[in-house]
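Please read the following report alongside the sequence and the coordinates.

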Amino acid sequence: MTPRTALRDPKQDRSRATRRRLLEAAVACLAERGWAGSTVAVVAERAGVSRGAAQHHFPTREDLFTAAVEHVAEERSAELRALPAPHGEGRVHTVVEALVTLYTGPLFRAALQLWVAASYEEQLGARVTALEAKIGRETHRMAVELLGADESVPGVREAVQGLLDMGRGLGLANLLTDDGHRRERVVAQWSRILETILTPRD
């Protein structure tokens, strides 16, 4: 007989699917419409569920959007963790390019909208600050692992953090125009800088 723990509960499966649709719809709305245009009703309509169903999963608007950004951030972190650590020529460039991509996609665009709202929504502010601190620590840790960086070496930690700060800056620039050619040149230059810093000296 199949153990009870192995049985699937269709109702729970539907609930998880509904929650996921809401989270994905919330991120898409936030990136496209901004905070002001992203109401629970708008998100629910995009997700194809009732407003009551949305509020069952997320009682407040703040609950919905902070969970949505965290959800996609975790997915992007999982993608980075799944990347095989590159080796050989071009390794650093591959990592830098992957990290910069993290800041030029819909997640970062949505997160920026949330940051703006958090600057004047007191309840939302504390939650977003804690969330961004968590994401920042995780991204830094992944960058160190992927680059094979030794942060005990003076200047290495600052160089890695500088890379992430540069990525955020490119993400901000990407809000106004998708200047892919300029971004490629910046990524190439930062890769060369990091290669010099990370290369062990005899």
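## Packing of α8 and α9

In this predicted model, helix α8 (residues 156–176) and helix α9 (residues 180–198) pack at an angle of about 175°, with their axes 11 Å apart; axes here are lines fitted to C-alpha atoms, for helices over the stretch in contact, and angles run from 0 to 180 degrees between N-to-C directions. Helix α8 is therefore roughly antiparallel to α9, given that angles under 35 degrees count as roughly parallel, over 145 as roughly antiparallel, 65 to 115 as roughly perpendicular and the rest as oblique. Helices (H or I, at least four residues) and strands (E, at least two) are DSSP runs, numbered from the N terminus.

On the α8 side the contact (heavy atoms within 4.5 Å) involves Val156, Ala159, Gly162, Leu163, Met166, Leu170, Ala173 and Asn174, which meet Arg182, Arg183, Val186, Trp190, Leu194, Ile197 and Leu198 of α9. Sorted by class, this contact of α8 with α9 comprises eleven nonpolar, two polar and two charged residues, where Ala, Val, Leu, Ile, Met, Phe, Trp, Tyr, Cys and Pro count as nonpolar, Asp, Glu, Lys and Arg as charged, and the others, Gly among them, as polar. Gly162, which lies in α8, counts as buried because its relative accessibility is 18%; buried means under 20% relative accessible area, exposed over 50%, and partly exposed in between (1.4 Å probe, protein chains only).

## Packing of α1 and α4

Helix α1 (residues 10–33) and helix α4 (residues 61–82) pack at an angle of about 95°, and their axes are 8 Å apart, so α1 is roughly perpendicular to α4. Arg20, Leu22, Leu23, Glu24, Ala26, Val27 and Leu30 of α1 make the contact with Leu64, Phe65, Ala67, Ala68, Val69, His71, Val72 and Glu75 of α4. The residues of this contact of α1 with α4 divide into eleven nonpolar, one polar and three charged.

Phe58 is found in the loop between α3 (51–57) and α4, and Phe58 is buried because its relative accessible area is 4%. Leaving aside neighbours within four places in sequence, Phe58 is in contact with Arg19, Leu22, Leu23, Asp63, Leu64 and Ala67.

## Aromatic rings

The structure holds three aromatic pairs; rings of Phe, Tyr and Trp (its six-membered ring) pair if their centres lie within 6.5 Å, with planes under 30 degrees apart counted as stacked, over 60 as edge-to-face and the rest as tilted. One of these pairs, formed by Tyr103 and Phe108, is edge-to-face, at 5.6 Å centre to centre and 85° between the planes. Tyr103 and Phe108 are both buried, and ring pairs link Tyr103, Phe108 and Trp115 into a cluster.

The charged end of Arg61 sits over the ring of Trp35, 3.9 Å from its centre, a description that requires NZ of Lys or CZ of Arg to be within 6 Å of the ring centre and within 35 degrees of the ring normal.

## The chain as a whole

The secondary structure of the protein chain comes to nine helices and zero strands, and the C-alpha atoms fill a box of roughly 65 × 55 × 30 Å, taken along the principal axes. Buried residues make up 41% of the 202 residues. Among contacts between residues at least 6 apart in sequence, 68% join residues at least 24 apart.

## Basis of the values

Residues are numbered from 1 along each chain as its sequence is written, and side-chain values use heavy atoms, with hydrogens and water left out. As this is a predicted model, local features need pLDDT of at least 70 and side-chain atom pairs count only at pLDDT 80 or more, whereas totals for chains, interfaces and linings use all residues.
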